[in-house]
Amino acid sequence: FDRGNPYEAAAALKEGMAAGKIPASSAFSKSLLTAANAAIKTEGSLAGGEKQALAAKDGKIAASTADAYLGQNNYAKAAELYRAALSKGGVDANEVNTRLGIALARSGDKAGAQAAFGAVTGNPRAGIAALWTTWTQVGSTPAPAA
């Protein structure tokens, strides 16, 4: 969360705690979640960032705000702002297309995700895009036990 995305940090912690992968009773886990939630409260609504992003001359704020929406699992808003970031320029297109693809894949738009992933070139992003492309093709359901 201290690297700029408390929304994603809080979501990952909550998911990990719910799945039993992160000890919910751990003082450290609780303190991280508390700090992430405090950072979210301090930042306030993303709506202001969204307006600022759409008015900005380049796509940096749009990409950053999209990352926050992605962390909140608000895939439609994330995709909208990633597209704005790409159209405005001034961002790493491979990074933004990777994240756009993830937002689209998680929202169920497999074809849109594959198109975004197809626009990614260069390593390491191309490898990440290839893994996500596979996910769009086979899904996340575990294979049956042999």
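Two aromatic pairs turn up when the whole structure is searched. The model is a predicted one. Phe-117, Trp-132 and Trp-135 are joined into a cluster by ring pairs. In general, the distance of the centres and the angle of the planes describe a pair of aromatic rings.

Helix α1 comes next. Buried positions in α1 are Pro-6, Tyr-7, Ala-9, Ala-10, Leu-13, Gly-16 and Met-17. Just after α1 comes Gly-20, with a positive phi of about 80 degrees.

Helix α1 also takes part in the largest pocket, where α1 gives the most to the lining, with four residues. The space in this pocket is about 330 Å³. Its lining consists of 15 residues, and those nearest the pocket centre are Glu-8, Leu-70, Gly-71, Asn-73 and Ile-102. By class, the lining of the largest pocket holds seven nonpolar, three polar and five charged residues.

The helices below each supply at least two residues of that lining.

| Helix | Residue range | Residues supplied to the lining of the largest pocket |
|---|---|---|
| α1 | 6–18 | at least two residues |
| α4 | 60–71 | at least two residues |
| α5 | 75–88 | at least two residues |
| α6 | 93–107 | at least two residues |

Note on methods: Residues are numbered from 1 along each chain as its sequence is written. This is a predicted model: local features need pLDDT of at least 70, side-chain atom pairs count only at pLDDT 80 or more; totals for chains, interfaces and linings use all residues. Side-chain values use heavy atoms; hydrogens and water are left out. On a 1 Å grid over the protein atoms alone, a cavity is a set of points where a 1.4 Å probe fits but cannot get out, and a pocket is an open set with protein on both sides within 12 Å along at least five of seven lines; lining residues have an atom within 4 Å of a point. Grid points are joined across faces, edges and corners, and a volume is the space filled by probe spheres set on the points. Ala, Val, Leu, Ile, Met, Phe, Trp, Tyr, Cys and Pro count as nonpolar, Asp, Glu, Lys and Arg as charged, and the others, Gly among them, as polar. Rings of Phe, Tyr and Trp (its six-membered ring) pair if their centres lie within 6.5 Å; planes under 30 degrees apart count as stacked, over 60 as edge-to-face and the rest as tilted. Buried means under 20% relative accessible area, exposed over 50%, partly exposed in between (1.4 Å probe, protein chains only).
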